[in-house]
Amino acid sequence: MINVAGLLKNSLCNGPGLRYVLFVQGCPHHCEGCQNKHTWDFNNKNYYSIEDIVKDIEEEIPLIKGVTFSGGEPFEQAKE
């Protein structure tokens, strides 16, 4: 299960081409000027299964050109 802050099925602003964007919840860095401060809190719980996320991504193919992992801090959930 991945703690998800949000999903964008079609984004032109988060990488090259039309992207599927997965925003994860939780970040320990708290960078100055962060655009996604609402994703810092690890206690906001909104879990999705890996299978559901993959299915959702597959439904956007061939429209999307790739997947962007954003956050929060994606590496905090790298094992998942």
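**Working chat on a predicted model**

User: Which backbone nitrogen does the side chain of S11 reach?
Analyst: The side chain of S11 reaches the backbone nitrogen of C13, at 3.2 Å. That is a polar contact, meaning N or O atoms within 3.5 Å, where within protein one must be able to donate a hydrogen and the other to accept it, and where residues adjacent in sequence count only through two side-chain atoms. The model is predicted, so local features need pLDDT of at least 70 and side-chain atom pairs count only at pLDDT 80 or more, whereas totals for chains, interfaces and linings use all residues. Residues are numbered from 1 along each chain as its sequence is written, and side-chain values use heavy atoms, leaving out hydrogens and water.

User: Is S11 buried or exposed, and where does it lie?
Analyst: S11 lies in strand β1, residues 2–11, and it is buried because its relative accessible area is 5%. Buried means under 20%, exposed over 50% and partly exposed in between, with a 1.4 Å probe and protein chains only. Strands (E, at least two residues) and helices (H or I, at least four) are DSSP runs numbered from the N terminus.

User: And what does S11 touch?
Analyst: Not counting residues up to four places away in sequence, S11 touches G17, L18, R19 and V21, a contact being heavy atoms within 4.5 Å.

User: OK, switching to the core: which residues are in the largest nonpolar one?
Analyst: The largest nonpolar core has eight residues, namely I2, V4, Y20, L22, V24, I53, I57 and I64. Two or more of them come from each of β1, β2 (19–24) and α1 (50–59), and β2 gives the largest share, three residues. Such a core is a set of buried Ala, Val, Leu, Ile, Met, Phe, Trp, Tyr and Cys residues joined through side-chain atoms within 4.5 Å. In soluble globular proteins, nonpolar side chains tend to be buried together.

User: What is I53 in contact with?
Analyst: Leaving aside neighbours within four places in sequence, I53 is in contact with I2, V4, Y20, L22 and Y48.

User: Which residues of α1 are buried?
Analyst: I53, D56 and I57 are buried in α1, and they sit on the same side of the helix because they cover an arc of only 100 degrees around the axis, the arc being taken from the directions from the helix axis to the C-beta atoms. What covers these buried residues includes β1, β2, β3 (47–48) and β4 (66–70), while the face of α1 turned away from the buried side carries the exposed residues E51, E58 and E59.

User: How many salt bridges does the structure hold?
Analyst: The structure holds one salt bridge, a term for a side-chain nitrogen of Lys or Arg within 4 Å of a carboxyl oxygen of Asp or Glu. K9 forms it with D56, and the closest N and O atoms are 2.9 Å apart. This pair links distant parts of the chain, since K9 is in strand β1 and D56 in helix α1, 47 residues apart. D56 counts as buried because its relative accessible area is 13%, whereas K9 is partly exposed at 37%.

User: Which residue does E80 contact, and where is it placed?
Analyst: E80 is also in the segment after β4, and its contacts, leaving aside neighbours within four places in sequence, are M1, I2 and I50. At 44% relative accessibility E80 is partly exposed, and its C-alpha atom is separated by 26 Å from that of L63, 17 residues apart along the chain.

User: Last topic, backbone geometry: what is the peptide bond from I61 to P62?
Analyst: That bond is cis, with omega near 10 degrees, and P62 is in the loop between α1 and β4. The bond from G71 to G72 is cis too, with omega near 25 degrees, and G72 is in the segment after β4.

User: What about phi of H30?
Analyst: Phi of H30 is near 50 degrees, a positive value in a residue other than glycine. H30 lies in the loop between β2 and β3 and is partly exposed, with a relative accessible area of 43%.
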